[in-house]
Amino acid sequence: MKEKAKTEENSENTHIIVNSLLIGILIGVVLFALFRFIAYKPTHTTHYHANWQVWIEGKQQTFPEDIFYQEVASCSINNDTDPLHRAHMHDKVYDIIHVHANGVTYSQFLENIHSAAQPGYFVLGNNTYQNNNNNNKKVTYILNGRILESLSGVVIKSEDKLLINFGDESVSELIARDIAIQNKASEYNTKQDPASCSGDHATTLQDRLNNIIY
Ligand SMILES: [Zn+2]
Ligand SMILES: [Zn+2]
């Protein structure tokens with residue numbers, strides 16, 4: 001009789017130990033997930049903006065077509081291997097470049113919108129503009145008040161003012177036009193984007209949940 005009671009007590013003890021262990025593990029997993037959820041920081045936090053304007057024969061271009069803009073949905077914050085993600089425009093705002101990775105060049109940005117800025121000619125979507133000696137119209141690139149031959153290899157910097165111009169305006173007129181570009185990029189750098197395509201200023205619930213699992 002005494003023996004039996006002891007065995008029962010033993011098995012009860014084993015039960016308690018196993019249960020506590022399981023509960024302990026469960027609490028551990030939950031705490032770990034909670035920690036990852038709270039402590040989450042995206043690995044890539046680059047996000048800044050540059051100003052740019054394109055003028056063709058005296059008129060600023062406003063790019064109404066969708067092909068010039070990147071869907072916010074495709075802007076996951078850890079996705080800087082995707083060339084489209086690195087530099088683009090959003091929400092039909094035609095004069096702000098959003099940069100989401102370091103070292104991105106204007107050529108890379110222009111490529112994303114099917115364009116190219118080469119010496120003597122500028123490709124803008126389906127149109128090409130080139131220097132024409134007959135009517136004195138020419139392609140000019142001006143970055144922060146300085147004339148450039150082309151934009152290849154030029155890294156986009158925060159709050160740059162880029163003017164791409166095709167027309168017969170004088171150089172001094174164009175430099176003045178470039179310098180007069182309003183620094184909207186500075187506003188975009190400090191405020192959160194209206195759309196949630198952002199690197200360092202907003203982390204979505206989805207990003208945090210994903211991070212628990214991956
Ligand atoms: Zn942005
Ligand atoms: Zn973006």
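Select Ala 116 and then Val 123 in strand β6, and you will find that these two residues stand opposite each other. The model in your viewer is predicted, so its local features need pLDDT of at least 70 and side-chain atom pairs count only at pLDDT 80 or more, whereas totals for chains, interfaces and linings use all residues. Residues are numbered from 1 along each chain as its sequence is written, while chains are lettered from A and ligands numbered from 1 in the order in which they are written.

Now widen the selection to strand β5 (residues 115-118), which is joined to β6 by 4 bridges and runs antiparallel to β6; strands here are DSSP runs of E with at least two residues, helices are runs of H or I with at least four, and both are numbered from the N terminus. Two strands are said to pair if DSSP finds at least two bridges between them. Between β5 and β6, which form a hairpin, there are 2 residues, and Gly 120 in this turn has a positive phi of about 85 degrees.

A residue counts as buried if 20 or more other C-beta atoms lie within 10 Å of its own, as exposed if 12 or fewer do, and as partly exposed in between, with the C-beta atoms placed from the backbone.

Next, select strand β7 (residues 127-130), which runs antiparallel to β6 and is joined to β6 by 4 bridges. Here Phe 122 stands opposite Tyr 129. This is again a hairpin with 2 residues between its strands, and Gly 125 in the turn has a positive phi of about 60 degrees.

Two further stops are not glycines. Most residues other than glycine have a negative phi. Glu 57, however, has a positive phi near 45 degrees, and you can find Glu 57 in the loop between β1 (48-56) and β2 (59-60). Why does Glu 57 count as exposed? Glu 57 does so because there are 11 C-beta neighbours inside 10 Å. Move on to Asp 91, in the loop between β3 (87-88) and β4 (96-99), where phi is positive at about 50 degrees; Asp 91 is partly exposed, with 14 other C-beta atoms within 10 Å.

Finally, show the whole protein, whose secondary structure comes to 6 helices and 10 strands, and in which 24% of the 214 residues count as buried.
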